[in-house]
Structures are given as C-alpha cells and as structure tokens.
Amino acid sequence: MSKFHSALVKKERLLPGIHGLRGVAALAVVLYHLVHIGGIEPPNVFEFIGRDFGYSVHLFFILSGYSLMYSTEPRINRPAWLSDYLIKRFFRIAPLFYFMVVFQIGSEGFSGSLTNLFLNLTFTFGFVPFTGIVWGGWAVGAEMIFYAIFPVLLLTIRTHRAALIFLIISIVVCYFIRSALHTQHINLASPPKWDWSYFSFASNICFFVMGIYVFRARQQLKKESIMNVIIPLIAMTIISWLMLFDGGKYFDGSGRWDIVVWGFGLAALCLWQSAQPSFLIAHGLLQYLGERSFSIYLVHPVAIIYLKSYLFESYEKLLPLVGAHAFFVCAVL
C-alpha cells in the first residue's frame, strides 16, 4: 500500500479519504462509459452501473469544491495567493485538455466554427450548448468556470451558516435553470439527443457549493460528536437506496431532483471520508488513481472508442465462460 501512497497526501495537501474518492469517481465513470460507449452490459445485478455511475461526475464537482477550500483557504493571507491559485488551476487542466483538443481535431477533423474553438480554448463552452470539442469534456468546462469564480466564493462564504444559506439558494436556482433548459429542449422541433439542462455549468453550480458546504460543516464537526456515526449512516442509506432500489425514479422530472438527492448522498460521503477516512476508500491504490483522475477522465473515452471492437470481441468470447461478468474483465482491459 505504501508504494501507492499519494505524494500530495504525504505533504498534507490533500486528505486521504477525499483523494481516494477521486479514484472511486474515476473508476465509476470508466465503468459507466464502458456500458454507454463500449456497448458492453454488466450482469443484471449490477444494472446500476449503467444507470447511476454517471453521477460520479457530480462527485468530482463536490470534491472540487471541498478540495479547493481545503487547499486554498490557508493561503489567502500570503502575498500573491490569487495569482498562484489561478496559475496552478490553469496548468492542472489546460495542457492535457489542449492536447485532447488537438487530438480530437486531428483524428476526426474540425467541423465546428472558430467560435467553438475559441470557447474551448478559453474554457467558456460550459455557457454555450454543445460547443465542446473533447469527448466528455463538458465537465471540464464546468470545472474551469467554477475555478474562475471560486476566489470570490472563498472570500464571501466564511461561516457554516453562510455556506448553508448559499447552498440552499444554489439548489433552488439550479432547479429552476434545469427546468427551464429542459423545457426549452423538449420544445425544439428537432431536439438533440442530449439534454443541455444536464451539462450546463449553470445547472451544476450547486454541486460545487455542496463541496464548499461540506468543508464548512467539517470545521464544525467535533471528534467525539454523534454526527460521526450519523453521517456515515446517512451516506450509506441514501446511496444504497438510490443504487439498489432505483430511488431516483421517485424524484425524476424537468428539474431533476434525483440528481440533487444524489448530491446529498455524495456530499454526506465526502463529509464522512474527510472526518473518518475508511480503509477501503483511503487505500493507497485509490489514492494513486485519484491523483491521476483527471487524466483517466479525459483519456478513457478515447481508449474505449478505439478498443471497442477488441473489447466486444473479448466480451463475446468470455460470455460462455463467465457469463455477463465478462464486463469486468473488459473493464480491466
């Protein structure tokens, strides 16, 4: 385990449970896209992989809000902290993303406009429907916009009470935005396959705010508090109910309350792992994957697409031997 231990965790820049959750989110999104891009179905008992694991992107958003608070707040009294923050955030995302833009254009050609290219190079495509170039890059557009406004939120939301109020406001605002964008989508004469109400930055800001709230709540949480028992139970109950019993179907609708309920469960999971990291989630291997989660997120759709025929052929050959569990062998491949 020690050889996989994250250097960032050793330097106390990140918490082991939070970093491990990044690895969990990265693995979950790979499995989700193996179903939806690779066309490979898991066993029936694991049907929640193709239904629910896409919400791991929202876990990334919550973790971003928490991690930025944890790593940036102690530095706000240092000279040039803002410029240091902006440079670090830009170079964490931009080099690989720009490489993927070039790769995408080189492999498929460029059918968009110069405006689309400008929006991608400036990371503002989260404001404009379906202008992203990179596969799965919509989350990057949302992340970078949040990175840009985060310093204002950091300096404004200074207490647990302020974080709670802002969280409630953001959930309500996001609900109405999602509802309006969804209504606009279904009223189009020829609506696109994907619904922009799911991908827009404005629809997802509340999940970043959940991460900020979790950080402030963690500051209030005492070591001997009964909440250290209650919070894991809340997280396990909500996530288990959603995954095993498809609880989200009771909240589906134009405003997608089901995603918000997922957010509550994932936020409780983050609070649990920040206060009491479990051996499984804080395992060195998951930390190792968590440190590379951005690379995994951007590269895995390319890997699945280019290996699709090979993976499906492997799946067909393994099916008579291990049944639908061949899905997990393909996931490893």
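The structure, a predicted model, holds 1 cavity of 30 Å³ or more. The space in the largest cavity amounts to about 160 Å³, and about 1500 Å³ lies in the largest pocket. The count of salt bridges comes to 8, and a nonpolar surface patch of about 600 Å² includes Met227.

**The cavity**

- The lining of the largest cavity is made by 14 residues. Phe60, Arg92, Glu143, Phe294 and Tyr297 are those that lie nearest the centre of this cavity.
- Four helices each supply at least two residues of this lining: helix 4 (56-72), helix 5, helix 7 (138-156) and helix 14.
- By residue class, the cavity lining divides into 9 nonpolar, 2 polar and 3 charged residues.

**The largest pocket**

- The largest pocket, with about 1500 Å³ of space, is lined by 50 residues. Nearest the centre of the pocket lie His33, Trp138, Trp194, Tyr198 and Phe199.
- Two or more lining residues come from each of helix 2 (16-36), helix 3 (48-52), helix 5 (81-108), helix 9 (196-199), helix 12 (257-275) and helix 14 (293-306).
- The pocket lining comprises 22 nonpolar, 18 polar and 10 charged residues.

**Salt bridges**

- Side chains of opposite charge can pair when their charged atoms come close. In this model, 8 salt bridges are counted.
- Glu73 and Arg158 are joined through their side chains by a salt bridge, with an N to O distance of 3.4 Å. Glu73 belongs to the loop between helix 4 and helix 5, and Arg158 to the loop between helix 7 and helix 8 (160-186), so this pair ties together parts that are 85 residues apart in sequence.
- Glu313 and Lys317 form a salt bridge in which the closest N and O atoms are 3.3 Å apart. Both residues lie in helix 15 (residues 308-322), separated by 4 residues, or about one turn of the helix.
- Glu313 is partly exposed, with a relative accessible area of 44%, while Lys317 is exposed, at 56%.
- A network of salt bridges links Glu47, Arg51, Asp52 and Asp246.

**Nonpolar surface patch**

- Ile226, Met227, Val229, Ile230, Leu233, Ile234 and Met236 together make a nonpolar surface patch of about 600 Å².
- One of these residues, Met227, lies in helix 11 (residues 227-244).
- Met227 has a relative accessible area of 33% and is therefore partly exposed.

How values were computed. Residues are numbered from 1 along each chain as its sequence is written. This is a predicted model: local features need pLDDT of at least 70, side-chain atom pairs count only at pLDDT 80 or more; totals for chains, interfaces and linings use all residues. Side-chain values use heavy atoms; hydrogens and water are left out. Patches are made of residues with over 30% relative accessible area and no salt bridge: like charges are joined within 9 Å, nonpolar side chains (Val, Leu, Ile, Met, Phe, Trp, Tyr) within 5 Å. Accessible areas come from the Shrake-Rupley method with a 1.4 Å probe; for residues, only the protein chains shown count as cover. A salt bridge is a side-chain nitrogen of Lys or Arg within 4 Å of a carboxyl oxygen of Asp or Glu. Buried means under 20% relative accessible area, exposed over 50%, partly exposed in between (1.4 Å probe, protein chains only). On a 1 Å grid over the protein atoms alone, a cavity is a set of points where a 1.4 Å probe fits but cannot get out, and a pocket is an open set with protein on both sides within 12 Å along at least five of seven lines; lining residues have an atom within 4 Å of a point. Grid points are joined across faces, edges and corners, and a volume is the space filled by probe spheres set on the points. Ala, Val, Leu, Ile, Met, Phe, Trp, Tyr, Cys and Pro count as nonpolar, Asp, Glu, Lys and Arg as charged, and the others, Gly among them, as polar.
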